Amino acid sequence: MVIMMVALAGCSLPFAGRHQDVDVALSDTGPLHYVTDRAPDSETSAPMKVGAYGGERSQSMAYGVLTDREDAAPAVREVVRFPATPLEFTMRGGRPVTLPEDAAAYAAAARRFTERIAAALRESQRSEVLMTVHGVNTNFAEAMAATATVWRATDRAAVPVAFSWPARDAGLLSYFTDRESGEFAIYHLKETLRLLADIPQLERLHIVAHSRGTDVVTTALREMVIAARASGRDPPQVLKVENLILAAPDLDFDVVRQRLIAERFGPAIGRITVYMNEGDEVLALAQTLMKGIRFGRLSHEDLGEAEREIFKRIRNVDFISVGNVVGRNSHGYFRRNPAVLSDMAAILRFDAPPDDEDRYLTADGGNFWLLETPPRIQGPVRTASR
């Protein structure tokens, strides 16, 4: 049991070491935006280092930018600090009403955040945002490095925004601690998604979530979908989520059945792509501890005939089985493997369907596909962009 917990604590599969190597990976990237509810690391000083935020929880969100400077290492600059939540409220006529001063302070922070993202969209001449959400045992620097990797792979086709929740990067019990920290972060992620969707210049939002981060994302989106439908609004127009990529999702498939499939989650999203690996060692350990088939290890053979028919009718969900990734790469392949990065780039840059020539996939029944690695090319061959 102890060996399993130690292995799970290594879920993040670090980019190329710790902070020093991550700093090198973040060079020559341009500005990376972030939203976090991690508490600031008390050991950092101005100008803030890439490890500016630790693994403790913060009741308030922060928005900032990681800048790349030619004469120094990348530096973090916090631009907006939101008021702590929950905001204070009083009851009027049986309904909760936020205190005016708290509401005004939160609105001012939200306005500064949306103005900065809107300006970034204008300056980059883009109308899309690429958001990444990491898994457990991932420090802030690693989260930013993963964002930079995916952003570069997509040829910087959208404004990058990392949502980094208070996952720890060490500790025997960090997997279980992080599961609850992910639940803690759901409200802040919903607020971030809501504010982004309210930006007129933003037309499409792409989300790439990894491992346990997929639970944080899908839970937040599910609650937003329910709220939109209850208010009589169309969820796709409210959310603006064009692509949702779930890489190595650490989700119980029975939970997926009842909380996502049964509640018609898929139609609220433009396209959902799930990357899976039957040989994922981290998810195998999670499956042993938590029971239930992990979504990221699902295969076509795990489905019954009724489920296969359901998936066939869901036209906007694709399941990609990633082959030839084993050992320490069997879980973090979404940002380590050129084939997977190439495939994600084809989706995010060109809206390429699974049978597109740029994706090198082999049909495996219904909307299941095989991606063998390494690919014949290192990236999409197209040069034109939307």
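Predicted model: local features only at pLDDT ≥ 70, side-chain atom pairs only at ≥ 80, totals over all residues.
A search of the whole structure identified 15 salt bridges. Side chains of opposite charge can pair when their charged atoms come close.

Arg 81 is paired with Glu 78, with a separation of 3.0 Å between the closest N and O atoms. Arg 81 is partly exposed, at 27% relative accessibility, and Glu 78 is likewise classed as partly exposed, at 26%.

A salt bridge is also formed between Arg 271 and Asp 318, where the N to O distance is 2.4 Å. Arg 271 belongs to strand β10 (residues 271-276) and Asp 318 to strand β11 (residues 317-322), so this pair ties together parts that are 47 residues apart in sequence. The two partners fall into separate accessibility classes: Arg 271 has a relative accessible area of 23% and is partly exposed, whereas Asp 318, at 4%, is buried.

Because Lys 190 is located in helix α5 (residues 174-197) and Glu 223 in helix α6 (residues 213-230), the interaction ties together parts that are 33 residues apart in sequence. Both residues are partly exposed, with relative accessibilities of 22% for Lys 190 and 31% for Glu 223.

The helices that carry this pair also pack against each other. Two packed helices are described by the angle between their axes and the distance between the axes. For α5 and α6, the angle is about 55° and the axes are 9 Å apart; the two helices are therefore oblique to each other. Their crossing is right-handed. On the α5 side, the contact is made by Gly 182, Ile 186, Leu 189, Lys 190, Leu 193 and Arg 194. The α6 side contributes Val 216, Val 217, Thr 219, Ala 220, Leu 221, Glu 223 and Met 224. Classified by residue type, this contact comprises eight nonpolar, two polar and three charged residues.

Conventions: Residues numbered from 1 in each chain as written. Heavy atoms only, no water. Salt bridge = Lys/Arg side-chain N within 4 Å of Asp/Glu carboxyl O. Buried < 20%, exposed > 50% of the residue type's maximum accessible area, 1.4 Å probe, protein only. Helix = DSSP H or I, 4+ residues; strand = E, 2+ residues; numbered from the N terminus. Axes fitted to C-alpha atoms, helices over the stretch in contact; angles between N-to-C directions. Parallel < 35°, antiparallel > 145°, perpendicular 65-115°, else oblique. Left-handed = near helix turned anticlockwise from the far one by under 90°. Contact = heavy atoms within 4.5 Å. Nonpolar A, V, L, I, M, F, W, Y, C, P; charged D, E, K, R; others polar.
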